[in-house]
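Subject: Structure for you to look at

Hello,

Here is the structure I promised to pass on. Please open it alongside this email and follow along.

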Amino acid sequence: MASLVSKSSVTRLFCRIRAPSIAYTLCTATETRTQKLERIAEQLMDLNKLEKHDYAILFRYKLGLNRYGPAVSGLGSGSSSSGPGVAAADAKAEEKTIFDVKLDKFDAAAKIKVIKEIRSFTDLGLKEAKELVEKAPAVVKKGVTKDEANAIIEKLKAIGATAVLE
């Protein structure tokens, strides 16, 4: 009776069962690469729409891809880079668009005016603005455009404070 059931028929039987891990082990031991790919394709075709979507996301994640392209930057750059100096040159070539305004120092007589001016362009209360001015040099406004930052610096210079653009 054992001779009536061959090893290949048992393997085919287990290959049709998807859930148990035993079936996967037996399938990979005897099937060729083409058969394995065909089996995977059939299993993918059996998935419903939601499962296909989840699989696509998982597959992209496993490959290191995200919505915007490869996770590793610089793979497809057209320029030939000869060393680490090229990256520094590229960084310098990019113009900075977001700036921070830093209060360096101020006249002691103009302290109250500086506090009032800082409150005018920030959302700080009187206590917070006073603490910020007293711990100068400190950044008083972050993430502003160059025009807005220059306007703030001019206002501070007009009342006797020294501010710089970072």
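Below is what I found in it, from the overall fold down to single residues.

Keep in mind that this is a predicted model.

**The chain as a whole**

The protein chain has 8 helices and 5 strands. Along the sequence they run α-α-α-α-β-β-α-β-α-α-β-α-β. Of its 166 residues, 17% are buried. Now take contacts between residues at least 6 apart in sequence: 57% of them join residues at least 24 apart.

**The core**

The largest nonpolar core has 19 residues. Val101, Leu103, Ile118, Val140 and Leu156 touch the most other members. Which elements supply at least two residues each? They are strand 3, helix 6, helix 7, strand 4, helix 8 and strand 5.

**Helix 6**

Find residues 111-121, which form helix 6. Val114, Ile115, Glu117, Ile118 and Phe121 are buried there. They cover an arc of only 165° around the axis, so they sit on the same side of helix 6.

What do the buried residues of helix 6 pack against? Their partners are strand 3 (99-106), helix 7 (126-134), strand 4 (138-144), helix 8 (146-158) and strand 5 (161-165).

Look at Ile118 next. Neighbours within four places in sequence aside, Ile118 is in contact with Leu103, Leu124, Ala129, Leu132, Val133, Val140 and Leu156.

Then look at Glu117. Glu117 is buried yet has no salt bridge. The nearest side chain of opposite charge is Lys155, 4.4 Å away. A salt bridge needs a side-chain nitrogen of Lys or Arg within 4 Å of a carboxyl oxygen of Asp or Glu. Leaving out neighbours within four places in sequence, Glu117 is in contact with Lys155, Leu156 and Ile159.

**An aromatic pair**

The count comes to 1 aromatic pair. Tyr55 and Phe59 form this pair, and it is stacked. The centres are 5.8 Å apart, with 25° between the planes. Where do the two residues sit? Both are in helix 4 (residues 49-63). They are 4 residues apart, so about one helical turn separates Tyr55 from Phe59.

Are these two buried or partly exposed? Tyr55 is partly exposed, at 33% relative accessibility. Phe59 is partly exposed too, at 42%.

Best wishes

Note on methods: Residues numbered from 1 in each chain as written. Predicted model: local features only at pLDDT ≥ 70, side-chain atom pairs only at ≥ 80, totals over all residues. Heavy atoms only, no water. Buried < 20%, exposed > 50% of the residue type's maximum accessible area, 1.4 Å probe, protein only. Arc of directions from axis to C-beta. Contact = heavy atoms within 4.5 Å. Lys, Arg positive; Asp, Glu negative; His and termini not counted. Phe/Tyr/Trp six-rings, centres within 6.5 Å; stacked < 30°, edge-to-face > 60°. Core = buried A, V, L, I, M, F, W, Y, C linked by side-chain atoms within 4.5 Å.
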